[in-house]
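Student: I have a structure open. Please show me how to read a few of its features.

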Amino acid sequence: MKKRLAAVVTAIVLSLCCGALLAACGDPVPAEAKSVKAIVWGYEWGPAVPKVVVEFSDNVSDVDKDTFAVRIGTKNRTVLDAYKSDKDGNKTTEETKFVTVETDVKYGESSPFVYDQNKQMNDWAESIAIRLTVKGDFKVGKTACEKDQAFSLKAEAKDRVVPQTASWKKDTVKYTKEGKEQVIQRASWAPAGADSDGGKNPLVIWLHGMGEGGTDIDIALLGNEVTALTSENETSVQKYFTTDTLKGAYVLALQSPTMWMDDGSGEMNVDKPGAEKQTSYYTEIVWKAITDYVDNNPDVDTSRIYLGGCSNGGYMTMNMAFEHGDYFAAFYPICEAYNNSKISDAMINDIKGYNMWFIQSHDDTTVVPSKFVYATYDRLLKAGAANMHLTVTDHVYGKDDPHPSAGWGTSVPDTYMGHWVWITAFNDEIKKEVDNSAITKPEDIKPEICTKDGNVWKWLSEQTKPVAGGELITFSKPKPAL
């Protein structure tokens, strides 16, 4: 009995030793995908995921653009390239466990945003599903993966990388109003070398649309492709603010917790009965956020501060023009949503001397031009406004996706919904403006009279605050204590 037991134990030990020896000699281990990073990039319609970085369980080999089929979110994507990389997605020839896959991007595909219909605001998706399916030769360590073997992963918030906003300085601004503390998000961008170039640099300020409110300013920077105002974007308009002596313009973006048109009730204030004008609960904190930034950046040229925004942000641009207009050198409201019926003749007279360039698409069904910019612009001209400009497009066309789906907001092929005219502006395609002499009434304003040459960004870069006696004009309204 003892001999038999000893024989069994010996067999077990030999079996374990042989197994360990075989494993040490290189038996393949199962190939696993351990983690994934989703690289988020801003496009004319908003953010998308054009690149993923996948970490496998062992060093990888045999990787090229035909190695995988890729699905991001619910869409199969065309692979443009795949290669061995470091953990940040940089191509390498060294031994590595990381594979980076680059894919094509089209409007409506693989957005990391979800839209909250109740809040009418964008937010980050909790996770992004990413699936790589093996289609060619691919090894993880010594394991050759079988064709159609799939690796499924989820990129959560910690796995999201946003390179375009990494160079922005982000903070919060607080202000107490009516016993309540307000908080808004703020982000600023500086051209490289601006603080040591040949002079003070201009400042371009951006106010987002309704869908980009919240508490994460990356949503505001990506939702309207604000990165186009910086050199972190291929279309960058910085060239208009760069000279032989200046490196470019500073950029400042602010984010409302709700919407700029919120009068404190939490509702959008457009046609509030009995109200003489539209008001914003955030007027004072926006003013504080701007002036605080300028006061703490001595390199800002205070004669060249420019304010603009789209839709709800266009409304807030107009609101700030009415409340603190002579602080700014020029305004560039885009599809602005300040109801003309809430603008008095006295308010028109207050801003008729300012430098303003409005941008609007004629087919905008969200902010109907006749109710907003067309009527206001006609009144400004009749009041004697001199440096007043307006660009009207027929439709909104794209560059990042020249053939966007016409399934939402437009029935015209190859166009975006007309409200998204900031796409035209940020693609640097505002090259015409209306002939003001052709306007005798609001109904005259249409794309057909947009015949004069004019570039909004070039014009903006040339504007300075009026001077009197060689010095900047002082505020006509007292600067409030903040």
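Student: Where is Asn 455 found?

Tutor: Helices (H or I, at least four residues) and strands (E, at least two) are DSSP runs, numbered from the N terminus. Asn 455 lies in the loop between strand 24 (452–453) and helix 8 (456–462). This is a predicted model: local features need pLDDT of at least 70, side-chain atom pairs count only at pLDDT 80 or more, and totals for chains, interfaces and linings use all residues. Residues are numbered from 1 along each chain as its sequence is written, and side-chain values use heavy atoms, with hydrogens and water left out.

Student: Is Asn 455 buried or exposed?

Tutor: Buried means under 20% relative accessible area, exposed over 50%, partly exposed in between (1.4 Å probe, protein chains only). Asn 455 has 13% relative accessibility, so it counts as buried.

Student: Which residues does Asn 455 touch?

Tutor: Contact means heavy atoms within 4.5 Å. Leaving out residues up to four places away in sequence, Asn 455 touches Tyr 240, Trp 357, Asp 428, Ile 430 and Lys 431. The Asn 455 side chain also reaches the backbone nitrogen of Lys 458 at 3.1 Å.

Student: How many disulfides does a search of the whole structure find?

Tutor: A disulfide is a covalent bond between the sulfur atoms of two cysteines. The test is a pair of cysteine sulfur atoms within 2.5 Å. The search finds zero. Cys 310 is in no disulfide; its nearest cysteine sulfur, that of Cys 335, is 5.4 Å away.

Technical notes. Polar contact = N/O pair within 3.5 Å; in protein donor to acceptor, adjacent residues only side chain to side chain.
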